[in-house]
Every structure is written in structure tokens, then in C-alpha cells.
Amino acid sequence: MKQKEDRMAKKAQRSYEQDISGDGIHSLQKVIEPHQNEGSRLVKAICIGISVLFLGIMLVLPLIVVLTNALREGWEIYKENIFDTYVIKAFWLTLAAMVCAVIVNTVFGIVASYLLSKFYFRGRQVIAALIDIPFSISPVIAGLIFILTFGNVGWMGDFFKSHAIKIVFAVPGVILATIFVTFPFVFRELFPVMNVQGKEEEEAAALMGAGGITIFRRITFPHIRWALLYGIILCAARAMGEFGAVSVVSGHLRGKTNTLPLHVEILYNEFNTTAAFAVSSILVIMAIGILLIKNIVEWKRK
């Protein structure tokens with residue numbers, strides 16, 4: 001009887017060890033030192049080939065097409081297209097909307113992530129779900145919401161009209177739409193980091209007499225700085241290329257409310273494809289610059 005119990009105990013212990021690391025020899029070795037046989041090499045080569053082919057067709061080839069078509073008629077025509085008055089105005093409006101969105105969403109992201117990670121109260125999940133709304137609805141619908149809210153036919157239209165405030169079909173509408181579609185990016189990068197960090201260090205510093213600003217600057221910020229910068233980069237990249245919501249609220253007023261993506265659409269609809277590709281190349285160059293910064297930040301985080 002005792003021998004039977006010992007055998008059962010050893011079997012249970014072995015089963016427990018299998019749950020942790022397989023059979024203790026081969027399964028763990030598969031994770032640490034993969035088998036180098038022809039079958040795994042073939043699968044690896046196929047996966048790499050499919051990935052490279054997909055990236056080449058979906059990403060690299062379109063970028064090459066944009067740049068080659070932008071320079072198709074020569075360097076002088078290209079410079080003339082990108083230094084056009086309307087293109088310069090669209091560029092500055094795109095940059096202004098991007099900067100405003102980054103500033104507003106950075107401040108909100110820090111405050112909201114600090115609130116939801118350091119304080120526990122009823123309704124936290126509801127607030128987190130509301131922040132994610134821009135991820136779940138179409139940007140075109142968001143633009144329509146702004147028209148029905150801030151436009152002349154909206155429920156706040158009479159108030160804005162009586163105070164000579166114009167939001168829809170004006171620059172403020174473009175900025176508001178850009179802020180809305182980029183709303184969750186900074187928060188979504190900061191919240192997991194702050195949540196994992198906990199609040200023990202802040203509480204200890206507070207007990208030692210440190211003020212709120214000092215605690216944030218000396219304890220909280222060093223933990224979140226790379227996540228914050230990463231969220232800012234994602235927010236800037238999304239703001240730079242926003243089309244749907246801005247297209248609805250801008251009114252496509254050339255030289256006034258057109259951003260670079262909207263100006264590309266207008267040029268393409270006018271069959272001025274060379275100029276459209278030239279303006280698109282500006283967005284491509286900006287996107288590549290943001291991508292390089294993003295990769296540098298990811299490398300620094302490691």
C-alpha cells in the first residue's frame with residue numbers, strides 16, 4: 001500500500017514538472033535550443049519568403065511608385081509642385097494639427113493613465129472604455145458627429161453663430177477632428193507601464209515629505225519616459241495621415257482647411273497625378289522620419 005502511494009506521489013510530481021517544463025529534458029531543450037534540421041529550415045525559409053514578399057508588395061513597392069511618379073517629369077517640376085502656395089499652406093496646417101493633437105493628448109494621456117493606475121474607484125473600466133471609442137468608430141462618423149455638434153445645424157450651432165465662432169469648415173474643426181482620432185494613443189502606451197509600476201514608491205516618497213511634482217519628476221517620469229515618447233510618436237504619425245474625419249469637417253477649402261492628405265485627393269481628382277504624387281512624397285518622407293525615430297526609441301527602451 002505504501003509503495004503504491006509513493007508511486008502515485010512520484011507520478012503526480014512528474015506530472016507537475018511536465019506542466020512546468022515538459023518532460024524536463026526534451027521540451028525545455030526545444031525552447032532554448034531549437035532542433036536544426038532540414039524541416040525547420042524549410043519552414044523558416046518559407047515564412048521569411050512570404051513575409052518579405054508581402055512587405056515588398058504592400059509597403060515597399062507603393063513607396064517606390066510614389067517616389068518614381070513624383071520625379072517622373074524631372075526635378076524642376078517636382079520642386080515646383082511641392083513649393084506650390086497651396087501645398088505649403090496644407091503642410092503648415094497638417095503640422096499645426098499634429099502638434100496640437102500631440103500636446104492635448106499627451107497632457108490627457110498622462111493625467112488619465114495616472115488616475116486609472118494609481119487610484120481605484122467605481123467606474124474606472126467605463127472611463128477606460130470611453131477613451132477607446134476613437135478606435136472603434138469610423139473617422140467619417142466622427143467627422144459627422146462634429147458637424148452635428150458644432151455646425152450651424154448642430155445643437156450648439158446657435159451659440160457659436162451668436163458669438164461669431166466658426167469651428168466646422170474652419171481650422172478649429174480640423175484640429176478637433178485630429179485630436180479625436182488620436183485620442184487614445186498616448187494613454188494606451190502609458191497606462192500599462194504605470195499599472196505595472198504600482199504606487200508603493202510614490203507613497204513612500206510622500207511619507208518622506210516629497211511634494212507631488214517632485215514625486216512625478218523623480219519617481220514616476222523615469223519609469224514612463226520611453227513609453228511616453230513612444231505614444232507621442234504614434235500619435236504624431238496618426239495625426240499626420242488623418243483623412244476621414246478631417247475630410248468631413250474641413251469643407252475642402254483649398255488654402256484654408258486642406259491638410260496634405262486632402263490636397264493629394266484634390267490634385268488626383270483633377271487628374272494632376274504628378275503633383276499628387278509629389279505631395280504624397282512629402283508625407284512619405286515625414287512617415288519615414290517618424291519611423292526612424294520610433295525604431296530608435298524602441299532600441300533605447302531595450
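In these legends, a residue is buried under 20% relative accessible area, exposed over 50% and partly exposed in between, with a 1.4 Å probe and protein chains only. The model is predicted, so that local features need pLDDT of at least 70 and side-chain atom pairs count only at pLDDT 80 or more, while totals for chains, interfaces and linings use all residues. Residues are numbered from 1 along each chain as its sequence is written, and side-chain values use heavy atoms, with hydrogens and water left out.

**View 1. His 252 in the loop between helix H14 (244-250) and helix H15 (260-269).** Helices (H or I, at least four residues) are DSSP runs, numbered from the N terminus. His 252 has a positive phi of about 55° although it is not a glycine, and at 29% relative accessibility it counts as partly exposed. Most residues other than glycine have a negative phi.

**View 2. Phe 169 in the loop between helix H9 (157-162) and helix H10 (171-181).** Phe 169, which is not a glycine either, has a positive phi, near 60°. With a relative accessibility of 38%, Phe 169 counts as partly exposed.

**View 3. The two sides of helix H4 (residues 75-82).** The buried residues of H4 are Tyr 78, Asn 81 and Ile 82. Seen down the helix axis, they fall within an arc of 90° and so line one face of H4, the arc being that of the directions from the axis to the C-beta atoms. Glu 76 and Glu 80, on the other side of H4, are exposed.
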